[in-house]
Amino acid sequence: MNWSECVMISTILPGEESVVVVGSMRFTVLSERTLRMEYSPSGRFTDAPSQVFFRREGKKTEYRREIREGKLRLETDCLVLKCAAENREDFENTLSVKMKETGQVWNIGEAPNGNLGGTLQTLDNIDGAVPLPNGLLNRAGYTIFDDSNTVLLDEKGWPYEREQGSRDLYFFYYGTDYKCFLREYFMLSGKVPDIPRWTLGNWWSRFYPYTQDSLLELMDAFREREIPLSVCVIDMDWHIRENPYHEGWTGYTWNRNLIPEPERLIAGLHERGLKTALNLHPADGVAPFEDGYREMCRDIGQDADQDRVIPFRLDDRKFAESYFKHLHEPKEKIGVDFWWMDWQQDNTFSIPGLDTLWWINHLHYCDQLKHEGKIPVILSRWSGPGSHRYPIQFSGDTIVTWKSLAFQPYFTATAANVGCFWWSHDIGGHMGGVEDGELFLRWIQYGVFSPVLRLHSSDNEFQDRRPWNYGNDIFSLCREAMRLRHALIPYLYSEMYACTEGCPIAAPMYFYHREEEAYQVPQQYYFGRYLIAAPYTSPADRENMHSHQAVWLPEGLYYDFFTYKTYVGSKVHGIYGDKSHIPVFARAGSVIPMAEYVSFGDTEEPAQLLLKIFCGCSGSYLLKEGDMQDRETMFELFHENDIIQFSIHRRQEETYRKREYHLLFIGVGKPEFVTAENGTFAFRQEYQKEKAVLHLYVTMEKGQERLQLCLKAGTPEADPVSRKIMEVKEFLKSCRISNALKKHIYNCLSEWKPLCRESEKLSLELSGFIRDIRQLVPDTVLCGLLEILTGCGCIELCNTAQSNVLLWNAEDMEGFTYSIQQELYWEIITEKGSVGNFRSIPLNREKDTEKKKLEINWFDLFCSVFGC
């Protein structure tokens with residue numbers, strides 16, 4: 001495919017039966033839920049692709065229309081549109097859409113309420129949570145998208161300005177089905193493309209003047225320490241920086257002092273199984289010393305002997321074609337796999353309405369289409385609606401603080417509201433702050449459960465993201481986490497397929513649940529469709545020595561992904577963990593495919609597959625493999641009473657090689673028997689009673705289509721009181737109190753087991769015991785003990801610009817109360833009450849005119865205080 005073909009955008013026009021033209025207005029029925037509404041002063045409507053909407057055809061939809069006395073009525077199964085049809089004033093004053101399901105009516109000019117937030121172009125220099133701009137989803141259940149001011153693309157794919165005074169509006173109705181909105185939106189704007197499998201592994205990147213030998217030696221150091229990588233990004237020092245024309249950010253010519261043999265460097269990375277990208281800051285144009293300068297001058301008609309910089313004019317077609325041909329293609333021919341577009345400037349192009357960064361991303365992504373058989377990918381900042389078509393998004397130069405880390409899970413998940421699924425953060429932070437091994441570890445652990453894990457930092461000699469620089473303890477846990485990331489690639493690759501159906505890799509809880517709690521838990525999110533992640537984003541307490549998190553689990557039975565501890569849903573649970581723990585949960589019935597073994601530079605389909613099978617409910621999972629996700633394996637779990645059936649069905653069996661499966665049946669008793677569908681098969685089994693996990697090792701031969709297992713295994717015995725006592729024991733191990741006091745607490749609680757049973761009240765004996773140790777135990781240790789014993793808890797969440805305190809009372813205990821004292825100008829307002837199952841209370845820390853103090857009363861034993 002040549003360059004001209006790469007940038008062409010073809011679109012299919014809607015059928016005539018979907019279009020209603022009345023004078024200078026046009027209405028298009030795109031589906032029963034989605035309408036396009038246009039006004040054109042000239043009566044010439046556009047079907048050309050716009051920056052946001054590349055596709056115009058929609059779905060063939062039955063509808064009814066009526067024009068009576070100059071008024072249009074248009075009705076689908078979901079919507080009723082009304083509009084007087086004489087002139088622009090009619091369009092602007094009478095256009096309305098009624099949603100039949102709810103009875104709501106939208107009138108033109110009204111904004112839907114309850115916007116759920118969008119995303120930012122970048123997190124450059126942002127330290128902690130900031131307000132997010134509006135996104136595309138609203139709790140009102142509908143979205144109005146005004147596309148009147150974006151550029152259009154001609155038949156050759158080049159931008160041009162719209163007709164002045166025209167209106168181009170889209171109405172989307174979805175109720176509370178937010179995935180439905182994304183499917184409708186992607187139908188018109190294009191789906192989120194697949195990204196290459198190798199992007200799902202660990203990336204290395206650093207702003208640092210590596211030589212070609214030192215960079216390869218660094219990659220070998222990762223391999224020797226058994227830390228897998230799949231991508232090595234080369235920041236801007238790959239090119240010449242010192243020059244008389246500009247400050248050196250822009251460059252296209254290899255710095256032969258650092259990299260004398262670029263071909264050998266890239267070949268060396270490829271030999272190690274790594275893909276690579278080069279960093280670009282193109283704003284300063286093409287200087288006379290650059291390779292390709294004279295060829296570009298010839299192409300655009302500039303005199304090369306005048307020694308003038310060629311301005312960066314990517315909106316000029318001749319410049320753009322020459323730019324890719326002479327500056328990019330030579331690097332790609334020696335093996336550069338993709339480009340990192342590090343654009344930080346304002347809009348500079350001359351075409352009205354053309355967003356500079358969007359056009360840069362669009363052309364750089366389209367240019368990759370010339371490599372047939374290769375999945376395109378770029379790394380660049382978000383450039384607004386329509387940018388979901390150009391993954392991967394780069395979030396910029398973040399600050400090294402806990403506040404920055406705490407913001408990223410919420411920020412990343414909320415970006416799904418505009419179709420932005422593939423944020424890549426500087427894991428570990430880019431600059432500033434204070435280096436902290438615990439912070440670095442927690443950032444990596446979050447990175448494992450984020451769309452892209454890319455280590456990065458500045459060239460400050462004291463900021464270095466090599467995991468072995470943080471001491472043996474941190475190094476060991478970082479290595480474990482980064483190996484886990486590569487083990488999860490089969491799951492991630494399969495979940496990428498679901499992105500095209502409106503299921504993001506990282507999604508807010510309200511994408512899948514309608515309960516009010518789903519809107520109040522910014523610290524957690526779905527990672528794929530089957531895991532809930534709530535990573536620790538604050539330092540461990542200095543007294544109880546644990547990290548603390550809260551997670552709301554929807555209805556059902558859930559498992560800790562690592563410890564296999566079970567949790568009942570429809571409740572908030574307080575989670576305490578040491579440095580090795582990551583709060584991730586799988587619902588019963590989930591089957592999570594993983595690589596059994598990982599190795600450096602290898603992200604290919606594993607020959608040994610590990611399946612974590614969370615029992616207690618039936619379920620299934622479709623594993624997608626192949627470069628085009630054209631090979632499928634269906635795993636099906638049937639669990640009823642003591643009988644478990646599990647099948648593996650390879651749908652394109654003739655293409656599969658021999659594969660070994662390690663099956664972990666989690667949450668089962670010791671099996672009485674295990675059989676195959678045909679009565680015999682070779683397997684090996686082990687049972688771990690303490691974890692209630694059955695290990696089965698089976699092999700499917702090449703060409704074998706199906707394997708079905710049946711086993712009988714009861715449910716493990718569960719004693720909730722014993723579990724609480726054991727949780728107390730584990731919690732006490734790390735607390736900074738005397739060993740004698742730990743033993744006293746544990747022994748007393750063990751002897752008083754009946755007093756720890758679920759009850760509406762805290763027993764007098766237990767209450768008295770807590771009072772006895774009150775002066776000996778720090779508040780955070782007492783909070784942890786009571787949280788474990790009573791199911792009550794509180795935590796301050798700083799993931800959003802609005803700090804909140806989350807309160808929960810999972811067992812409906814009496815005596816767990818709150819008091820809010822709020823000073824508003826000259827008035828003091830007090831609110832008191834019992835804590836129910838769930839409550840989120842904003843603190844409003846940033847408002848000088850509003851001061852709030854929240855006091856939590858723990859059964860009249862002591863109080864926790866939040867706010868000013």
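**Figure 1. Helix 13 and helix 14 pack side by side at an angle of about 175 degrees, with their axes 10 Å apart.** Helix 13 covers residues 720-734 and helix 14 covers residues 739-751. Here helices (H or I, at least four residues) and strands (E, at least two) are DSSP runs numbered from the N terminus, and axes are lines fitted to C-alpha atoms, for helices over the stretch in contact, with angles running from 0 to 180 degrees between N-to-C directions. The two helices are therefore roughly antiparallel; angles over 145 degrees count as roughly antiparallel, under 35 as roughly parallel, 65 to 115 as roughly perpendicular and the rest as oblique. From helix 13, Ile725, Met726, Val728, Lys729, Leu732, Lys733 and Ser734 meet Lys742, Ile745, Tyr746, Leu749 and Ser750 of helix 14, contact meaning heavy atoms within 4.5 Å. This contact has seven nonpolar, two polar and three charged residues. In that tally Ala, Val, Leu, Ile, Met, Phe, Trp, Tyr, Cys and Pro are nonpolar, Asp, Glu, Lys and Arg are charged, and the others, Gly among them, are polar.

A note for all panels: this is a predicted model, in which local features need pLDDT of at least 70 and side-chain atom pairs count only at pLDDT 80 or more, while totals for chains, interfaces and linings use all residues. Residues are numbered from 1 along each chain as its sequence is written, and side-chain values use heavy atoms, leaving out hydrogens and water.

**Figure 2. Helix 7 meets helix 6 and helix 8.** Helix 6 (residues 293-300) and helix 7 (residues 317-333) pack at about 155 degrees, their axes 9 Å apart, and are therefore roughly antiparallel. Their crossing is right-handed, where right-handed means that the near helix is turned clockwise from the far one by less than a right angle, and left-handed means anticlockwise. Glu295, Met296, Arg298, Asp299 and Ile300 of helix 6 touch Lys318, Phe319, Ser322, Tyr323, His326 and Leu327 of helix 7. By class, five of these residues are nonpolar, two polar and four charged.

What angle do helix 7 and helix 8 (residues 356-367) make? They cross at roughly 55 degrees, and their axes come within 12 Å; that makes helix 7 oblique to helix 8. This crossing is right-handed. Ala320, Tyr323, Phe324, His328 and Glu332 of helix 7 meet Leu363, His364 and Asp367 of helix 8, with four nonpolar, two polar and two charged residues in the contact.

**Figure 3. The second largest pocket has a volume of about 1000 Å³.** On a 1 Å grid over the protein atoms alone, a pocket is an open set of points where a 1.4 Å probe fits, with protein on both sides within 12 Å along at least five of seven lines, and lining residues have an atom within 4 Å of a point. Grid points are joined across faces, edges and corners, and volume is the space filled by probe spheres set on the points. Of the 40 lining residues, Ser538, Ile795, Glu796, Leu797 and Cys798 lie nearest the centre. Helix 9 (402-414), strand 24 (547-553), helix 16 (779-790), strand 39 (792-797) and strand 45 (862-867) each supply at least two lining residues. The lining divides into 15 nonpolar, 16 polar and nine charged residues.

Figure 4. A cis peptide bond, with omega about 25 degrees, joins Pro391 and Ile392.
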